[in-house]
Amino acid sequence: MPKRQSRSFLDSPRIVSDFETTPYKRLRSVFLKNVLWVDDDPLVLSSAKRLLRMHGFNIHTIDNPLLVEDWLAQNTPDVIVSDQRMPQMTGTTLLSNIKNKFPQITRIMVTGFMDQQLVQQSINEADVFRFITKPWVETELLADIVQGIEHSEKLKSKEVLSSQIREQNKILQKFTENLEEIIFERTFELASAQKEQAHKNIKIKNLVKFIQDLNVMKETQEIIHYFYNDFKKEFGIINCFFAYTDFNLDSKILFQLKNKWVESKVEKFWSAKKEIRTFDKEDQQYLSNEIKMPITQLLSVPLMRFREDLAVPHTLFIECDFKQNVESEKISAALDFITSRLQILSLGIERILSNHRVEFESERWEKTFDSISDPLCVLDKNYQVLRKNSVYNKQIREVSREMVEKKVLHKNSRIYQVYLYGIEETSAHGFENYLCYFRDVTEERMLYQKLLQGEKMVAVGLLAGNIAHELNNPLTGIRSMAQLLTHSTTTKKAYISDLMEIDRACQRCQSIIQSLIDFSDIKEGSLMRISLQDVVHKTLPLLKTALRFHSTKILLPEKDVFILGEMKLLQQVLFNLVHNACQAMSEAGVVTIQVKASKKKAVLEVSDTGPGVSDEILSRLFEPFASTKKEGEGTGLGLSFSKNVVEKMNGQITLLKNSSDGASFQIQIPETK
Amino acid sequence: MSASSTKLNIKKVLIADDEELIRKSLARLLAKQGFEVFEAEDGAIASQVWLDKRPDIILLDYLMPKMTGLEVLSQIPENIRGVVIVISAFVGEKERDAFLSKGVRDFYKKPFDDIFKFMEFIKNQYG
């Protein structure tokens, strides 16, 4: 390096010539540049001052090198020119110091004694830019100074650049450092975001699973259990209570007891509070009374309601093991957990409860439908049976259009009336379905037949009365004629007994007719004093036909037994009783008619030797139509009529005896004197 | 002829009854007893004959076609009524009172068992 420096020094004349060619250009560029000149010789200093000022330099001179450093502390010259030989220190030392402290100031040495050693030492130690020999050539001096300034500027700009670069490097480094930090931060953020996302995904996945699982559950307790497990996994849980009101408006609690879900009916009805409550004392107390165990830390979660028609509040209680104050964060997480599931949970439970209700209702309808004792079925438009009740299955089994159109069905010796009712009407096609109802009218028809028969009998009775009257007249005529002929002198004697026979036969006819008239002529009359013996006597002739297969025992006391009654009605009663007795005996038997007086009661008894009254009829013996008779044999009204009549006379009629060898009816009417 | 004088003494009887045999047997017997007998088979005829012949004795059935005995009686002026014997199977209280108020005193129940006894009854009353 020193060699090169020396060579550049030796090459300097080239530069001088360059300066000479363009002095002003260069001058302008050095104008007002600062130059420090250090020399102990004041003459040198003043001439240098003069010269440099003349050429536009700012020159500062110092005669003592020891003061240079202080000055430099305040000022920054572009070039320093120093003398070599100074009493305080050499120029080499000064410049070398300056090189170390202010390297950007270009150093020039002025010396009267230029030798190789000095040059070498100065270059090596102080990195001197130029050497100027005294006495100097002005142009050379100026050129050297200008070059020095240029060098200094180069250095300066180099310095600026490098410092800029350094600064930039610093910034760059800082930026790099920041970038790392940012990247680290971002990476961390990203990681935690990913983690959070993953967490969120899990949450969502759990929620989705919750929804899916809840959807297929069939029982409330399944849902509660599921929620319970979910909650337990995250937050820990001791017990879970589900208070709800079912469709019967029964309030119930579902809870776990020894790992089993138990349901119990309670009195309390949880009203529709909306917000989730933590540690509700009232609920805690109530529930712990219910399960006979203390409860702490209860979360009361009212479930949401979506359907107004199922508007009964349900509440979920969760007993947790939070440490109340310490883990309030956990509580809020738990509340978040609950809130995120509340709607789903509520929907799930509502779905199940409404399903239960629908099932219950439809089962009830089905049972109702099934328990109707008349056959029922639901038909579509094509007479296909859609539904049927059990009685339908037993009694009807099939249905056809003809049947429905005929409206009457005879099946298994039963008669059904068929009714059709339209259901589910649609405006376009009329009814979609029909309810087909089979009413068993067998009994009704029978009763109706009997009633008809009864009416016929009444009509026949009236007719018999009329006919009897009509017959009486010709019979009287016949008798009169027979009597006339009997007494006629012209009549042959042989005919007389025959004519008398005619007369007697007519008389018999008349007496039967009279009985018939009396019997059929049922008019409401007043009560009369009549004797029971008389009743028997007057009724017996009418019973001749009925009694023709049986023997009759008539037991009448000699003394008349009187009652207040109506002869004809009592005759009817007796007629009925005897008639019944005769019909009850399928084989020849004995009918006993007895009249007696006992304890102020007039008693009339009719007994038979038949098989007795069957149990089937016994309970409704005196009710209308409780008859054992086949159609055409009687009206089935006999005993009920008799009961009416006897009660009208302040009496009573009873079945006195009923056994397999006979029955006995007794009439008791207050006796009158 | 004594016939006309006897005719004057002969009592006229009207038999009003819808039963032919009764009319005929009564008519035969009464004729034998010397009565002059008229027959009517319903109420309308009875009324007409009654007014025409002015019988002394009227055997009046109650139930007859066209008019009842009571209706017939109410058409006959009091002065020409003669003796009325109501023959009937059944006469209610009301009818009985109505007959009595019109001066009828005798009722004979139909069917009568013995025509001769009935004849005795008539002869006893008006013989």
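Where in chain A does A:Tyr383 lie? A:Tyr383 lies in the loop between β12 (376-380) and β13 (385-388) of chain A. Helices here are DSSP runs of H or I with at least four residues, strands are runs of E with at least two, and both are numbered from the N terminus.

Hi everyone, a word on ground rules before I go on. This is a predicted model, where local features need pLDDT of at least 70 and side-chain atom pairs count only at pLDDT 80 or more, while totals for chains, interfaces and linings use all residues. Residues are numbered from 1 along each chain as its sequence is written, chains are lettered from A and ligands numbered from 1 in the order in which they are written, and side-chain values use heavy atoms, with hydrogens and water left out.

A:Tyr383 has a phi near 65 degrees, a positive value in a residue other than glycine. At 18% relative accessibility, A:Tyr383 counts as buried; buried means under 20% relative accessible area, exposed over 50%, and partly exposed in between, using a 1.4 Å probe and protein chains only. A:Lys407 also has a positive phi, about 70 degrees, and is not a glycine. A:Lys407 sits in the loop between α12 (401-406) and β14 (408-411) of chain A, and is exposed, with a relative accessible area of 52%. For context, most residues other than glycine have a negative phi, and most peptide bonds are trans.

One joins A:Lys134 and A:Pro135, with omega about -15 degrees, and A:Pro135 lies in the loop between β5 and α7 (138-216) of chain A. In chain B, the bond from B:Lys110 to B:Pro111 is cis, with omega near 0 degrees. B:Pro111 is in the loop between β5 (106-109) and α6 (115-126) of chain B.

Now the overall picture of chain A. You will find 18 helices and 23 strands, and 40% of its 673 residues count as buried. A:Asn433 is buried at 12% relative accessible area, and, leaving out residues up to four places away in sequence, its contacts include A:Val378, A:Asp380 and A:Tyr421. Contact means heavy atoms within 4.5 Å.

Which helix packs against α15 (residues 532-539) of chain A? Helix α16 (residues 567-584) does, at an angle of about 65 degrees, with the axes 9 Å apart. Axes are lines fitted to C-alpha atoms, for helices over the stretch in contact, and angles run from 0 to 180 degrees between N-to-C directions. Among the residues making this contact are A:Val535 of α15(A) and A:Leu574 of α16(A).

Last, the aromatics. The whole structure holds 21 aromatic pairs over all chains. Rings of Phe, Tyr and Trp (its six-membered ring) pair if their centres lie within 6.5 Å; planes under 30 degrees apart are stacked, over 60 edge-to-face, and the rest tilted. A:Phe431 and A:Tyr434 form an edge-to-face pair, 5.9 Å centre to centre with 65 degrees between the planes. A:Phe431 is partly exposed at 29%, and A:Tyr434 is partly exposed at 22%. Elsewhere, A:Phe210, A:Tyr226, A:Phe227, A:Phe231, A:Phe235 and A:Phe337 form one aromatic cluster.
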